[in-house]
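These are my notes from one sitting with a single model.

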Amino acid sequence: CCYGYSIDLMENVASDLDVKFQVYVVADGQCGSAKRGGQQAAGPAGTAAAAAAAAAASVTSARSEAIDFSIPYFYSGLSILQASKINNDDVPLLAFLKPFRPDLWIGIFISLNLTALAVAIYEWLSPFGLNPWGRQRTKNFSLASALWVMWGLLFSHLVAFKAPKSWPNKFLINVWGGFSVIFLASYTANIAALFAGVFSETAVTNFHDPRLLSQKVGTTRSSAAQHYAQKTNRGLAEHLERFTVPDLEEGIARLRDGRLDLLIGDTPILDYYRANDPGCTLRTVDVIEEDNYAVGMTKGLRLQTSISSLISSYSTSGYMDELRSKWYSSLPCSRSANDAYRPQPLGVSAVAGVFILLGFGILGGCIILVLEHLVYKFALPVLRRQHKGTIW
């Protein structure tokens with residue numbers, strides 16, 4: 001009947017303890033509730049027939065009065081989940097500039113003009129350039145040519161131009177090409193991430209946001225989320241009663257079709273639904289009230305110590321990490337596990353190393369230009385006097 005993180009854990013425990021167990025889903029689908037008259041149910045499964053319960057059941061003081069728990073095997077919490085809503089009116093006119101901060105845009109275009117000026121000067125001063133010392137040719141490499149090349153490389157656009165002949169320019173233009181590739185890739189990645197945030201309408205910012213009371217907020221009955229609201233926010237607890245859902249699957253369905261604006265539940269379960277959501281439209285708004293899961297057992301169950309010891313050894317050996325990776329890491333939307341993160345526009349400080357690289361490129365061009373003049377003045381006359389049959 002069942003699969004998941006807890007079932008994999010219990011199957012491994014049963015194998016190591018050499019015991020057999022039969023899994024069934026409790027009739028009411030809840031994690032247990034207090035019986036009338038002050039007595040507690042025999043276990044979180046809500047039935048005396050169950051010896052243990054392996055589910056997303058948080059350890060609470062009320063439950064500990066009725067049942068025993070193993071040591072925690074999963075550290076959890078509560079989250080608020082919402083479905084992203086597209087609102088095209090929120091997109092500003094200059095949204096295409098948002099991937100970079102103004103200081104970075106200014107830095108890029110200052111660098112472009114400085115590099116173009118350096119390229120034009122190198123070509124003019126080089127003894128091997130297209131226009132050395134004012135010599136007229138049919139095609140010269142001017143400042144306009146240098147700007148044309150720089151703009152074309154920055155936007156990955158193919159342009160026709162007379163290629164420079166000097167070695168400083170061959171070197172510096174390739175450095176600028178690498179500079180351009182880095183910024184184009186950064187722009188493309190950041191604009192996709194930022195637009196995802198621009199198109200998403202955030203309903204609330206945290207669990208204590210007063211706007212919660214004006215939203216259709218649901219949770220499951222007898223859940224840790226409902227218990228937490230009763231302890232910390234009575235107004236919200238009463239509001240939740242109006243939108244209580246029988247289970248989280250029904251809550252997710254209502255969230256998608258608009259019958260709910262927000263759904264409060266256990267973080268790992270909501271993360272699993274979010275990570276499997278078609279189109280990745282579900283978002284985690286906030287994480288609240290950290291707690292943990294443990295295996296619930298009837299009072300005095302003789303396997304309690306053995307189960308706790310095994311869970312402890314699984315944590316030490318890395319088996320629990322393997323289970324988490326199995327059930328969460330490879331899911332379609334798992335890369336956006338925490339939607340509280342919002343990508344920020346890049347500034348100069350984030351890519352300062354690229355500007356330093358470009359500065360070294362300009363300095364390297366100067367060094368190569370000096371070497372060109374040394375070759376032209378001293379080496380070239382010697383080479384020209386060589387016999388025509390030599391390798392030179």
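**Charged pairs**

I began with Arg-101, which is partly exposed at a relative accessible area of 37%. Here buried means under 20% relative accessible area, exposed over 50%, and partly exposed in between, with a 1.4 Å probe and protein chains only. The model is a predicted one, in which local features need pLDDT of at least 70 and side-chain atom pairs count only at pLDDT 80 or more, while totals for chains, interfaces and linings use all residues. Residues are numbered from 1 along each chain as its sequence is written, and side-chain values use heavy atoms, with hydrogens and water left out.

I looked up the partner of Arg-101 and found a salt bridge with Asp-103, with the closest N and O atoms 3.6 Å apart. I took a salt bridge as a side-chain nitrogen of Lys or Arg within 4 Å of a carboxyl oxygen of Asp or Glu. Asp-103 is also partly exposed, at 33%. By this rule I get 9 salt bridges.

Next I checked two bridges that sit inside helices. I use helices (H or I, at least four residues) and strands (E, at least two) as DSSP runs, numbered from the N terminus. Arg-274 and Asp-271 form a salt bridge at 3.4 Å, N to O. Both lie in helix α9 (residues 267–275), 3 residues apart, about one turn of the helix. Arg-274 is buried at 2%, and Asp-271 is buried at 15%. Elsewhere, salt bridges with shared partners join Glu-250, Arg-254, Asp-257 and Arg-259 into one network.

Arg-254 is partly exposed at 22% relative accessibility, and Glu-250 is partly exposed at 24%.

**A buried serine**

Which side chain does the side chain of Ser-126 contact? I found a polar contact with the side chain of Glu-372, at 2.5 Å. For a polar contact I require a pair of N or O atoms within 3.5 Å; within protein, one must be able to donate a hydrogen and the other to accept it, and residues adjacent in sequence count only if both atoms are side-chain atoms. Ser-126 sits in the loop between α3 (102–125) and α4 (143–154). Its relative accessible area is 0%, so Ser-126 is buried.

**Strands**

I then traced an open sheet of 3 strands, in the order β1-β7-β2, with antiparallel pairing. Its edge strands are β1 (52–53) and β2 (68–69), each pairing on one side only. I count two strands as paired if DSSP finds at least two bridges between them. Strand β7 (residues 296–297) is joined to β1 by 2 bridges, antiparallel. Ala-53 has Gly-296 in β7 as its bridge partner.

I also read strand β3 (residues 74–83), where 9 of its 10 residues are buried. It pairs with strand β5 (residues 262–266) in the antiparallel sense, over 5 bridges. Ile-80 stands opposite Ile-264 in β5.

**Aromatic rings**

How many aromatic pairs does a search of the whole structure find? I get 15. Trp-176 and Phe-179 form a stacked pair, 4.7 Å centre to centre with 20° between the planes. Rings of Phe, Tyr and Trp (its six-membered ring) pair if their centres lie within 6.5 Å; planes under 30 degrees apart count as stacked, over 60 as edge-to-face and the rest as tilted.

Trp-176 and Phe-179 are 3 residues apart in helix α5 (residues 167–198), so about one helical turn separates them. Trp-176 is buried at 0%, and Phe-179 is buried at 2%. I noted that both belong to one aromatic cluster, which also includes Phe-100, Trp-105, Phe-109, Trp-151, Phe-155, Phe-183 and Tyr-187.

Last, I looked at helix α12 (residues 352–384), where Phe-360 is found. Phe-360 is exposed, with a relative accessible area of 56%.
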